[in-house]
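Subject: Handing over the structure

Hi there,

Here is the structure I promised to pass on to you. Have a look at it first, and then read on for what turned up when I went through it.

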Amino acid sequence: MPDPQANMMHLTFTCTAMPRPETLRRSLDSLRDKLGGCSFHQSTLLINIDPMTDAGFDEEREHCVRIAESNFAKVISNRPNTPNFALAVRWLWLEAMDEFIVHWEDDWELRSRVDVGDLITLMQQRNLDHLMLRAWRWSNYPFCLGPGILRRRFYRRSAEALVSENNPEKTIRA
């Protein structure tokens, strides 16, 4: 009998998170249920879990890691002492190495079924660096840090430009 996982992609996911285990669980459930063409139990999740403030939340962050580990083959977590969104994104994108990554946040939910293989094929055919998975059209800016698939040449260059005091979207747009 053919292996149903044989044609599934092994991907790297990047995720910014806060210590909110149930929020992360809902988000990852939506990914697992709606993102086709991916073997989560053979994929990697890079997750940055910032604290809510400059201290604490260790138990909640550990719970988030356990939730992630129940969904992915490999989980690499970063748990800084101080919250900083720009540095979180920078860490994730400098750690990633794959040609394509799926960027996510812990409070996003995928509402419609999509096939990641089809989306990556589209990106390759059109030579795209970023494909957004938003529920609405975004035309105000050429880039929005929303759920999406990013190509290595784009996410690595973007990560190198990020600094701690600037909004990542504004930095990348510039």
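To start with a place to look: in which strand does Leu 46 lie? Leu 46 belongs to strand S3, which covers residues 44–49. Please keep in mind throughout that this is a predicted model.

**The overall layout**

The protein has six helices and eight strands. Read from the N terminus, their order is β-α-β-β-α-β-α-β-β-α-β-β-α-α. Of the 174 residues in the protein, 47% are buried. If you take the contacts between residues at least 6 apart in sequence, 80% of them join residues at least 24 apart.

**Strand S3**

Back to Leu 46, which has a relative accessible area of 3% and is therefore buried, the cut-off being under 20%. Once its neighbours within four places in sequence are left aside, Leu 46 is in contact with Thr 12, Phe 13, Thr 14, Cys 15, Ile 76, Trp 91, Leu 92, Glu 95 and Ala 96. Trp 93 is 47 residues from Leu 46 along the chain, and their C-alpha atoms are separated by 8.9 Å.

Is Asn 48 buried or exposed? Asn 48 is buried, at a relative accessible area of 1%. With its neighbours within four places in sequence left aside, the residues in contact with Asn 48 are Cys 15, Thr 16, Ala 17, Asn 78, Pro 80, Ala 88, Trp 91 and Leu 92.

**Helices H1 and H2**

Helix H1 (residues 21–34) packs with helix H2 (residues 58–69) at an angle of about 20°, and their axes are 9 Å apart. H1 and H2 are therefore roughly parallel to each other, a description that applies to angles under 35 degrees. Their crossing is right-handed.

Which residues of H1 and H2 meet? From H1 there are Pro 21, Glu 22, Leu 24, Arg 25 and Leu 28, and from H2 there are Glu 60, His 63, Cys 64, Ile 67 and Ala 68. Sorted by class, this contact of H1 with H2 has six nonpolar, one polar and three charged residues.

**Helix H5 and its two faces**

Helix H5 spans residues 152–161, and its buried residues are Phe 154, Tyr 155, Ser 158 and Ala 159. These cover an arc of only 120° around the axis, so they sit on the same side of H5. As a reminder, an α-helix has 3.6 residues a turn, so residues three or four places apart point the same way.

What do the buried residues of H5 pack against? They pack against helix H3 (85–95), strand S5 (100–105), strand S7 (130–132), strand S8 (148–151) and helix H6 (168–173). The face of H5 that is turned away from the buried side carries the exposed residues Arg 157 and Glu 160.

The axes of H3 and H5 come within 8 Å and cross at roughly 140°, which makes H3 oblique to H5. The crossing in which H3 passes H5 is left-handed. On the H3 side, Arg 90, Trp 93, Leu 94 and Glu 95 take part, and they meet Tyr 155, Arg 156, Ser 158, Ala 159, Glu 160 and Ala 161 in H5. By class, the residues of this contact of H3 with H5 divide into five nonpolar, one polar and four charged.

Glu 160 has a relative accessible area of 54%, so Glu 160 is exposed. Not counting residues up to four places away in sequence, Glu 160 touches Arg 90 and Leu 94. The C-alpha atoms of Glu 160 and Arg 90 are 7.1 Å apart in space, while the two residues are 70 apart in sequence.

**One backbone angle**

Finally, Asn 127 sits in the loop between helix H4 (116–126) and S7. Phi of Asn 127 is near 55°, a positive value in a residue other than glycine. Most residues other than glycine have a negative phi.

Technical notes
Residues numbered from 1 in each chain as written. Predicted model: local features only at pLDDT ≥ 70, side-chain atom pairs only at ≥ 80, totals over all residues. Heavy atoms only, no water. Axes fitted to C-alpha atoms, helices over the stretch in contact; angles between N-to-C directions. Helix = DSSP H or I, 4+ residues; strand = E, 2+ residues; numbered from the N terminus. Parallel < 35°, antiparallel > 145°, perpendicular 65-115°, else oblique. Left-handed = near helix turned anticlockwise from the far one by under 90°. Contact = heavy atoms within 4.5 Å. Nonpolar A, V, L, I, M, F, W, Y, C, P; charged D, E, K, R; others polar. Buried < 20%, exposed > 50% of the residue type's maximum accessible area, 1.4 Å probe, protein only. Arc of directions from axis to C-beta.
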